[in-house]
Amino acid sequence: MESADQFKAVQPLQYYKRFLDQNIRPDGRRLQEARTTTVNVNFCTHANGSAMVRIGNTTVCCGVKAEITTPSVTQPNDGIIVPNVDLPPLCSSAIQSGPPTDYAQTSTKLIDDILVSSNLIEKKDLCIVPSKYVWVLYCDIVCLDLDGNLIDASLLIKLPVVSVNEKTGKLEYDHAKTTSLTLRDEPIATTFAAFDSDAIIMDPTLEEENLCNGSFTITLNKEDDICSLFKPGGTELDNQKLQNCLKHCKRRVNSVRSLMQNAVSS
Amino acid sequence: MDVILSKSEKIFLTHGIEEGIREDGRAPDDYRTIDLELSVVPNANGSSRIKLGNSDVLAGVKCEIGEPDPGRPNEGKIIFNVDCSANAGTEWEGRGGDDLEIEISEFLSKAYSNKSCLDLQILGLIPGEQCWHLYIDVLILRNGGNILDAVSLAVKSALYDTEIPKVLIKMSEKGQSEVELTDNPSDYIIMSTENCPIFVSICKLGKGHVVDATAKESACTMAKIVSAVRKDGMITASQKKCSGSLQESSVLEMYEHCRKVGMELNKTLISKLSEAKNAPIVGFLA
Amino acid sequence: MAAWELLKDQNFRLDGRKPTELRRIETRLGVFPNADGSAYLEQGNTKVLATVYGPHEVKGGRGRSNPDKAVINCQFSKSAFSSSERKTHMKFGRNSSETNQHLVQALNAAVMSHLYARCQIDVYVEIVQSDGSDFCACLNASTLALIDAGIALKDIVTCCSATIVDEKSVVDVNYVEESSGSAVLIVGLLPKDEQIAYMQMKGRLHADHLEKLLDCAVEGCRNINNILKERIGEHLKTHSSHFTLTRPATPGRAERSRPAIA
Amino acid sequence: MPTDTKRLPVPETSICPSTLIEDISAKKLPLISNNKRRDDRLCTQLRHVYAKLKVISQAQGSAYIEIGNTKVICSVYGPREVKKRDEFSMDGQLCCDFKFATFSCPQRRSHLSDNEEKELSQQLLNALSPAVCLNKFPKARVEIFALVLENDGSAFSAAINCASLALVDASIELYDIPVAACVRYDGVNLIVDPQLNEEYSHQESNLSEENGQVLVAYLPVLKQISALNHVGCLSSKVLNQSMKLCIEATQKMHTIFQECIKEKVKSIMD
Amino acid sequence: MCDIGDIVLPGDKIDNFVQSKGKVLLGPGLQRDGEEVIAVRPGIFKYREPNIYWIESHQKRYVPSKDEDVIGVVTNAKGELFKVDIGSSEQASLSYLNFEGATKRNRPDVKNGDLVYAKLSIADKHAECELTCVDRDGKSKGKGCLPDGGFMFQVPLHLAHKLRHPDCPLLKYIGKETAMEVIAAMNGRVWIKSRSARETIAIANAISAAEFLNYDKMKDFVDNFMNELYLGSS
Amino acid sequence: MGICEFGVITKADGSARYITDKSDAICAVYGPIEVKLSKELIDRSSIEVQVYPKSGNTGPPERLVETIIRTTLDSVVLTKYYPRSAISVIVQLKHDFDLSCVLNSVCLALLDAAIPMKTMFSAISVSKSDLDNSCLNDSTMNFVLDRNYKVLTSYSNGIWKEDELKLALTFATKKAESIFEFYKSSIERKLLKEERS
């Protein structure tokens, strides 16, 4: 093994610090540069809406299935959206088959909160017959290859165009007529990883995520407002650092939004 | 519950079979003695107990009223459920027998899945709303090898013994039709079960193949084909089990064997069924 | 349920029995040759199969093995078609694990487990048909299976149930009486020295009835015990006679010759 | 089933809209009209096959396959150490896990694998194990995870093909590459590689008394059948014909896979 | 900004080492963070002559350190090393040779569940701690298996340190009234043996009740405690 | 501001109950204890967190809170002191859920157990109505600040403009000072009681 690999295996952190000092990363990206992102939409015909996103090696695909159910008593004419992030043993060697791991459950809850706070889909539109029949959207996000930065990939998918079907009177269902759901907002997340108070990198890979001591995610919506700021522990940041992270975040979000547009339109 | 055999024992058995001699003196196409008893469990609408050599299976059929599938409104439903009782051995205690239970119940529902086996129309009561659900529960009390065939025999005889109470359909005041059971036990309808398939599993040992393998023989089986054979020789489902592979020619030959043995077995079962119909019920006391 | 008049005026019960009369008991030992000990018991329409494996090495690691006495492990399961309406019984449901524990406690009182230190005895009970006082039938069948397995027992523990119907105590409760809502007392008795190995009461009962109910149940246990002893005697006679003569080779019928009753 | 506490609460009963369709008409029309199928393929013509290796960076070996619209992805981990081992065996262990994604079928599938998926996992194991040299990794285990992203007919045969490609990519020593194909018989003629609407399903009222579907997994070099699975009522004559057709289809499929693997090896070499 | 005897919270900067020139010794509860020294535990800032500063904090969990006397419960008495639970995160090991007069053949009679009074010969956070009941020249000095008939109970660590403090009169007063044997170990375990079980329990309650008393109030506390005890019994 | 009570659970090495107008949480800390072999870390102690809601069973929401608490403590608690051991933190919610009340109760319990910490932290939840009490929606932003008022942890829901973020941060730093004072006074009360002897 050349000496570089030995050095990396023995002292991973110092190896990384060497790169960070010259403001570059082992895979050639600059600190604030994200990996190549590709999006393709509607790859599955059976799902009402589906999308697959690839950020570097992290591949995540999501399918949305719409079903009919009776609404809850407290909100009679509100539809229900149930997101679920699923990390099958397929996506990483660390995961065994069995109930979802803590990481999967945390991401599920986080995406649920982002959905609620950015009210991406107006619950009222999902109502078929108030207090009798209402749509429930099962958004199942399956991670095919876990290489860091799960939240960004999962959130990009949140925007498949869901085709919902017309109903008349008693529950018949007409296959032909489908109306697509209007999405009121497009929350896009960017994740940063902080090595120490000044070396902050964007879009960490799994390796960088394990080495850094704390990563945080900022989600911006259409009008570049913050709809979620999630920083669980890690190096402490003061206001000024937060602001310049926000700056990078805006740049990244614009580039992704344009990517989304041509994916959906094509 | 594979018996643990040493390598040399396996070779001894395989060579014996290649020359057509089996450990308990049977010919390759012979089945062990089948003793059959009907309506062993009075609580169930129909039940049967099969002893195939030292395999012991109890099957019970209960019918309850439930909703039909939306896709098929005027037909009843059959639901299979297999339960490996711990009596058969300590390894089936707790969750031990789960994968065998799944394997058998899936194969049973596959074999009974097409229309020709059981006429489900007579199970339909009110199209779209109510129909008979036939719960077929199989309890495996002892696994002496070739458990799939024993289960299929038990299921066929339990269905033969099933009495479904007649039903009157009255129009209630609110205009809905209502189901009303007759209360005298004597008038019931019987389903015709002669088209129900029987499983025949053929095991390949070395070059020879053997029907109705005992526990020892199935321990040294490389590959096994289980096929559900109907009275008229049609095969309604079949599957290759165990982790060995087979030549194409031997597969065709084994299918031929299955059909021949299956038709014979059907005949013997039907004769035993008519015998057992009015035989005294002895149950486990024999 | 209450509409049916459980106790007719000439104080006959619904199934024609007198209040202190037991249901017909049929037994057979040695049902399954491949098990160490097995038994089949019919109390009226309640039919139960019990098998015993052991004493053998403790499964589940050294942690569970007890240096000075045997570990008894029971599994109680009810087949789906056993009762009138069909219900698949979860093997790991709360009530089945509770019944398992009760069986273990009752059998611990009877088995001389210090003879089988660091071993495990598995007792599996399968209810084929259930028509009331299932637990009593299970315990009696387990005792017979233990005897068939030749495991040393202090005494033949027998179990009987009793309940109160219009002020009269009634023994060996069937399904109709059990579901009529009155309190059911289940007693497991070691008859030789009158010790109660297991007692359980469900439902509400007036205090002074308890005395009467307990006597009636204990009396029931004693009668069942005599019947069981008789049956075991017959079983031994048929088998031991085999034992003395030159034993004919019966393929597949394993011999159970010598049950050890301390 | 105890409520699934590890996921967000879900409304108890929800009906899938596609089950409300009453258009039996779609099922009535015969599979073959003027010897062209619904998507105007010939009887024995396979759908377009697209296979790609090394799709998952984390796995030792992974493969992605598209047969028509049926999409399956599979990853192979191992040979790796087995935590709790019950019996000692000189041979290695193979364990498979087959799963439909919840959105892959018209009817939504649950997260927890139901009986059908457990049974198909066992059949996948039986199909692959004759081809793997288990004695090359004693006391270790190779884990294969297959996930169906979209089910447009013969999903299980696509899963077997995808799993064998993933094994090749993980450079696990194989005697042969198992390749699987499906054949559907509708009473009149045999069609290869059926789509979802052409697949046998006992719901539909049967056109003729005799119809069914056969799946064969074949080891082309050893000329042996490693898995055989047939549903529906067929006479043995029809069974033989359909098996022959399956084997021809697997041979065609085999050539396609060989090119795909050669490309991959070439790209790694230079 | 804070001086001796002050309450200090984690994260406070400590910079007035005015009392001592040159080298400063930082005891438990203080840590160097770059140039400054910060407190890492809540407690009182204490100073002792030459240059020792530390923070006295009250902990319930015992952290083993070298040469401290502890009372342990033997959990595994088989084999070479006995496993002893001393209330810390890991069980300590006690070799059967570390008893007075123990040789390869004459093994000390120790069963599971016995109480052992021993000294921590090795106590390092990275390695497993080791106990010994013998000092350098082979004498046990009261250490070893505790006889039966005693009663052991747990008290907060600072109370145990207070009891062991030379000028703490509590044990002396109680000793005057009734004959008893007491051991107060550093891991917060106190072992008492007296004539009758009733007295042992009474003494135990007295000790735990005296947690927040300072020295002068102890005299009359013990007096009325004792006559209540005897009044009750006579 | 809330009331704090120490030593609520006698068996625990450190426990505290923190009651505010919005919520009420009890936290118990078990100092360096035996660690399960699978979770053992050689050079530092592993932190295990369990959160139990007022009623019902634990699901993904509790997992998210546990992750937030665990990562916050990872960067604050000096785990190097006790290698190959575990610090277990268990929170029982008495009232409905409020992240800042839970985190404050955890900090107080750690102080009670005298677990070595680099710095103390205080959690503040800022709602839109705190800033300019005109708007009604209840979107809140939770901050956890350390002694020199830097953001350790933050979790927000609802939509926040950029300048609203700055406002919220300044509001949080003001409130954090009073919380640290509150910590100091409650610790003093506890220590003086013990120190008097």
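The following legends describe close-up views of a predicted model of several protein chains.

**View 1. The contact between chains A and D.**
Six pairs of chains touch, and the pair with the most contacts is A and D. Chain D contributes 33 residues to this contact and chain A contributes 41 residues. On the side of chain D that touches chain A, at least two residues each come from strand 3 (70–81), strand 4 (93–100) and strand 5 (140–150) of chain D. Strand 5 of chain D gives the largest share of that side, namely four residues.

**View 2. Chain pairs without a contact.**
Chain E makes no contact with chain B, and the closest C-alpha atoms of these two chains lie 33 Å apart. Chain E makes no contact with chain C either; here the closest C-alpha atoms lie 14 Å apart.

**View 3. Chain E and its domains.**
The C-alpha trace of chain E spans about 55 × 50 × 30 Å along its principal axes. Its secondary structure consists of four helices and 16 strands. The domain assignment divides chain E into domain 1 (7–56), domain 2 (69–145) and domain 3 (151–233). The centres of domain 1 and domain 3 of chain E, taken over C-alpha atoms, are separated by 34 Å. Chain E has 234 residues, of which 33% count as buried. Among contacts in chain E between residues at least 6 apart in sequence, 61% link residues at least 24 apart.

**View 4. An open sheet in chain E.**
Four strands of chain E form an open sheet in the order 1-6-7-3, with mixed pairing. Strand 1 (7–8) and strand 3 (25–26) of chain E are at the edges; each has a single partner strand, so one side of each has no neighbour in the sheet. Strands of a sheet pair through backbone hydrogen bonds, in either a parallel or an antiparallel manner. In this sheet, strand 6 (residues 43–48) and strand 7 (residues 52–56) of chain E run antiparallel and are joined by five bridges. Within strand 7 of chain E, I52(E) is the residue that stands opposite R48(E).

**View 5. Helix 3 of chain A.**
Helix 3 of chain A comprises 16 residues (residues 102–117). At 1.5 Å a residue these should span 22 Å, and the end C-alpha atoms are 22 Å apart, which agrees. Of the 16 residues of this helix, 13 are buried, so helix 3 of chain A is largely enclosed by the rest of the structure.

**View 6. The surroundings of E75(B).**
E75(B) is located in the loop between strand 3 (55–66) and strand 4 (77–84) of chain B. This residue counts as buried because it has 21 C-beta neighbours inside 10 Å, and the cut-off for a buried residue is 20 or more. Neighbours within four places in sequence left aside, E75(B) is in contact with P68(B), L120(B), Q121(B), L123(B), G124(B) and C131(B). In sequence, E75(B) and G124(B) are 49 residues apart, yet their C-alpha atoms are 4.5 Å apart in space.

**View 7. Two residues with positive phi.**
N23(A) is not a glycine, although its phi is positive, at about 60°. N23(A) belongs to the loop between helix 2 (12–21) and strand 1 (37–41) of chain A. Because N23(A) has 11 C-beta neighbours inside 10 Å, it counts as exposed. S39(B), likewise a residue other than glycine, has a positive phi near 35°. S39(B) is part of the loop between strand 1 (34–38) and strand 2 (46–52) of chain B. With 20 other C-beta atoms within 10 Å, S39(B) is buried.

**View 8. A cis peptide bond in chain C.**
The peptide bond that leads from G54(C) to P55(C) is cis, and its omega is near -10°. P55(C) is situated in strand 3 (residues 46–57) of chain C.

**View 9. An annotated span of chain F.**
An unreviewed UniProt entry carries the annotation "domain: Exoribonuclease phosphorolytic" for residues 4–116 of chain F. The end C-alpha atoms of this span of chain F lie 20 Å apart. Residues 4–116 of chain F are 27% helix and 30% strand.

Key. Residues are numbered from 1 along each chain as its sequence is written. Chains are lettered from A and ligands numbered from 1 in the order in which they are written. This is a predicted model: local features need pLDDT of at least 70, side-chain atom pairs count only at pLDDT 80 or more; totals for chains, interfaces and linings use all residues. Two residues are in contact if their C-beta atoms, placed from the backbone, lie within 7 Å. Two strands pair if DSSP finds at least two bridges between them. A residue is buried if 20 or more other C-beta atoms lie within 10 Å of its own, exposed if 12 or fewer, and partly exposed in between; C-beta atoms are placed from the backbone. Domain bounds come from an automatic or database domain assignment. The expected span of a helix is 1.5 Å times one less than its number of residues. UniProt positions are given in the numbering used here, feature names are shortened, and annotations may be inferred rather than shown by experiment.
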